[in-house]
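User: Hi! Could you walk me through this structure?
Analyst: Happy to, here it comes.

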Amino acid sequence: SGLFTLIVPPGKNKINMYKEGYITPSAIDIEANPGSIITGLQFKAAGNAGRITGKVTNAGNGVSGADIKFENGITEVMISTMETGDFSAGLAAGYWNLTIEKDGFKTKSINMIKITSGQRTTLEDIFLETEYSEIEGNVTGSGNILSGATVKLIGGNLEYGSVTNQN
C-alpha cells in the first residue's frame, strides 16, 4: 500500500524517500509538535533512475543536515545529508549540477555529474570549507589603548589569537 510511519523529534524536520531504481522526489519540510500526528505526506517517485551517493565532510567528520540541491536545467531535487554526512538520491539519467549549503560553511558546487540509468555514481568525501567570521575591536585599560594585549577565541577544537597593536 506504500503506507509509512516515522517517529520524528519535535521541531523542524526534512523527510525524504528512497528506493533503488526510482527518482528521488524533493524532501518535504515538516514542523512536528510534541505528541502530534502528521498525516497526508505523499511522495511520487518515477522509475528508470540512476543513483548518486556520497559523503559531505569537514575536518574528517561527516556534516549532518547539509542541504543538497541537484539541478539538470529541467528538474530540481532537494535532499539533506544524514547524521553521518552521507547522502543518496535517485536521479534521471543525464548531467546534473549539485550545490551543497549549510550555515557556517562555504557553499560548494560540482557541475556536470553524469548519471546513468540503473547505475550508481559515488562522490567520495566532498569537503565543505568552514566559513569564518571576523571580529574587530580594541582593548583599553584605565582609559588608555593597550598594545601588546592577547585576545583569544576560547572553545571548540581550534584556538585563534591576536595581539593588539599601538594604533
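User: Let's start with I100. Which residues is I100 in contact with, beyond its neighbours within four places in sequence?
Analyst: I100 is in contact with V56, A66, D67, I68, K106, T107, K108, I126 and L128, where contact means heavy atoms within 4.5 Å. This is a predicted model: local features need pLDDT of at least 70, side-chain atom pairs count only at pLDDT 80 or more, and totals for chains, interfaces and linings use all residues. Residues are numbered from 1 along each chain as its sequence is written, and side-chain values use heavy atoms, leaving out hydrogens and water.

User: And how many residues does the largest nonpolar core have?
Analyst: That core has 20 residues, and I52, I68, F70, F87 and I100 have the most contacts inside it. A nonpolar core is a set of buried Ala, Val, Leu, Ile, Met, Phe, Trp, Tyr and Cys residues joined through side-chain atoms within 4.5 Å.

User: Switching to T81, where does T81 lie?
Analyst: T81 sits in the loop between β6 (76-80) and β7 (86-92); strands are DSSP runs of E, at least two residues, numbered from the N terminus.

User: Why does T81 count as buried?
Analyst: Because its relative accessibility is 7%, and buried means under 20% relative accessible area (1.4 Å probe, protein chains only).

User: Which backbone nitrogen does the side chain of T81 reach at 2.9 Å?
Analyst: That of A66. The backbone nitrogen of G65 also lies 3.0 Å from a polar atom of the T81 side chain.

User: Last one: is T57 buried or exposed?
Analyst: T57 is buried, at 8% relative accessible area, and belongs to strand β3.

Conventions. Helix = DSSP H or I, 4+ residues; strand = E, 2+ residues; numbered from the N terminus. Buried < 20%, exposed > 50% of the residue type's maximum accessible area, 1.4 Å probe, protein only. Polar contact = N/O pair within 3.5 Å; in protein donor to acceptor, adjacent residues only side chain to side chain.
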